[in-house]
Amino acid sequence: MSGGPAVRVSIESLCEKQVQEVSLDGMETYVPPLSLSQNLAKMAQRIDFNQSDESEVEEGTSLESEWKQEQPQVEAEEDCQEEGMLHFQPSLWPWDSVRTALRSALTEMCVLHDVLSIVKEKKYMALDPVSQDNTATKTPQVLQLVSKKRALATAASVLLKGAERLSKSVCENQENRRQRDFNSELLRLRSQWKLRKVGDKILGDLSYRSAGSLFPHLGTFEVIKNTDIDLDKKIPEDYCPLTVQIPSDLQGSAYIKVSIQKQAPDIGDLGTVNLFRNSTVLISNIHPRYPIPFIHFCSAQNVLLCKEILAQLSREAVQIKSQIPHIVVKNQIISQPFPGLQLSISLCHSTGEKAQRCSPDRPDDHLYVLEHNLHQLIREFHKQTLSSVMMPHPASAPFMHKRLRLAGPLAYNKNQINSLQQNEGLLEKIIKQAKHIFLRRRTARTIDSLASRIEDPQIQAHWSNINDVYESSVKVLITSQGYEQICKSIQLQLNIGVEQIRVVHRDGRVVTLSHQEQELQDFLLSQMSQHQVHAVQQLAKVMGWHVLSFSNHVGLGPIENIGNASAITVASANGEYAISVRSGPESGCKVLVQCPRSLNKDQKCDVMQDARWAQLRGPYREVQWSRMEGRNFIYKMELLMAALTP
């Protein structure tokens, strides 16, 4: 070994981990290695902190003596090796450094304990502050006052400079905020209204030209920066950094007044529609945070729209040729939809603080439809104007409406082309809607008057909630109280149009009535008289009686001024008794009873001696209908049939 160079040999243990378990299939389970904290705890358990210092010193001296004895041998071995070999001196004990650190910490703690005990008990040492000479630092009182005055002056100058800077910054902030508020309000205004800069002015547009309006009014307003506020005073809450200048003819409030009147005193004024009257109030209630210019713009735009509506209606009133010409006087248009009926459309414009208000005594039933429809009509007119100009397809086609471009390929005749070019104007549509509203209101009043005046039979009206602007429908049922299940023969469907009423019966028959109120009333009275006869027919079937004859239009007897009378004849089950009923719209109901001859002793005949002739029915005798008990006609008829049934 000493003859050759030293060779480093790496020795690896056979198993770094201990085997914990060997399973049946030969799989070995190893004990997991200790972590650093576990290894430290394991090594610390080997330290004996109760051992005295003398034993440690003796142990240290013994270890040193052993080490000195072994040192010559180690030096001899190292000399045998070649120069340049690394020397390794193993530690005497692995926890020697830990022990040394603990001993030094213990020494310092003991010293600190001794110092604290000396200071606390004050037996061995006293700690007193060092006394100073007051005569050396004492200054005259005059010099103190001068120094204090200089210090106060310096502090006052600093405070004054700071206050001046603060006031300047506040003024600059207010000016910047005012400028910033003006820009922000201008940006907000630009997001809702059309603005443009012409020279050094900012102009806006209130017209509906972008929506398709052809009204020549420009509707221009000017936006000006508000500089009337004093920066030294507190800014009010309703302060607006900008002001607007609206044309004088668009200031104030306006609304369109539409009234339908009839000269007859029984109908009177049907009502007044105030269009766009409360738009400013509604906007201020819904949007309380909106600035004042926004409300002014809405009012001015409302005035502009009302003027456009009146101008369009006046233009059409002059151009339309009707049997009764329309009258245009200043801001009012007068038309006559029906004979004796007057339609008035006028513009009410108020430039004061309080707008003109109509009388609250006038009813408002169904008149909101005119307001809504007039608003929709002007919007549709704008849309139609905006979309009427469209590019031709193909590009070589003439520049006109699409349906007119198809007239050539589809071979339209003159009448078809004229029908394509004819469009109803705004005034014609309003007149048609006014006619429909008047006719519908008069129909409802006629039905209500008959229902309140005539108790038997009962008439019921069921109005449809979904209607058209030119057509409404109502279902009329004529029934008898307590007999609704067997008396369902009269069911009418009234389709109320513009100038006429279409009546559809249950069996599909259609009757057309004009706009005259008397005609509708006569028709309903005729149907109510026929209901009594139909009810007797249904009751006879239930009671077991036989119907001998039935007719809705009787040709005998007195002539009715309204419609025709109807009659029915029924006989009992054994044929002994017969009841004949005649009902007319004006004459009312008349009931006749025919009894067997055997019951009439006054009319015995000596010629016919055979007993079988006695079973024949005798002459008819009228029943005093008013003296019978019962709540209605069908109830009395039921009692009569029950009394005559054997």
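A: **The sheet and its surroundings**

Strand β15 (residues 501–504) is joined to β16 by 4 bridges, and the two run antiparallel. Within this pairing, Val 503 has Val 511 of β16 as its bridge partner. Strands here are DSSP runs of E with at least two residues, helices are runs of H or I with at least four residues, and both are numbered from the N terminus. Two strands count as paired if DSSP finds at least two bridges between them.

The model is a predicted one, in which local features need pLDDT of at least 70 and side-chain atom pairs count only at pLDDT 80 or more, while totals for chains, interfaces and linings use all residues. Residues are numbered from 1 along each chain as its sequence is written, and side-chain values use heavy atoms, with hydrogens and water left out.

The open sheet consists of 5 strands in the order β12-β13-β14-β15-β16, with antiparallel pairing. Its edges are β12 (458–463) and β16 (510–513); each has a single partner strand, so one side of each is left without a neighbour in the sheet. From one strand to the next, the twist averages 25°. Angles run from 0 to 180 degrees between N-to-C directions, and axes are lines fitted to C-alpha atoms, for helices over the stretch in contact.

Two helices accompany these strands. Helix α11 (residues 426–453) packs on the sheet and touches β12, β13, β14 and β15, its direction making about 150° with that of β12. Helix α12 (residues 517–543) lies across β12, β13, β14, β15 and β16, and runs at about 145° to β16. Contact means heavy atoms within 4.5 Å.

Ser 480 belongs to the loop between β13 (472–479) and β14 (491–496). This serine is buried, with a relative accessible area of 0%. Buried denotes under 20% relative accessible area, exposed over 50%, and partly exposed the range in between, with a 1.4 Å probe and protein chains only. Apart from neighbours within four places in sequence, Ser 480 is in contact with Asp 456, Pro 457, His 531, Gln 532, Asn 632 and Ile 634.

Cys 306 is accordingly in no disulfide, and its nearest cysteine sulfur, that of Cys 348, is 9.5 Å away. Cys 306 is buried, with a relative accessible area of 0%.

How values were computed
A disulfide is a pair of cysteine sulfur atoms within 2.5 Å.
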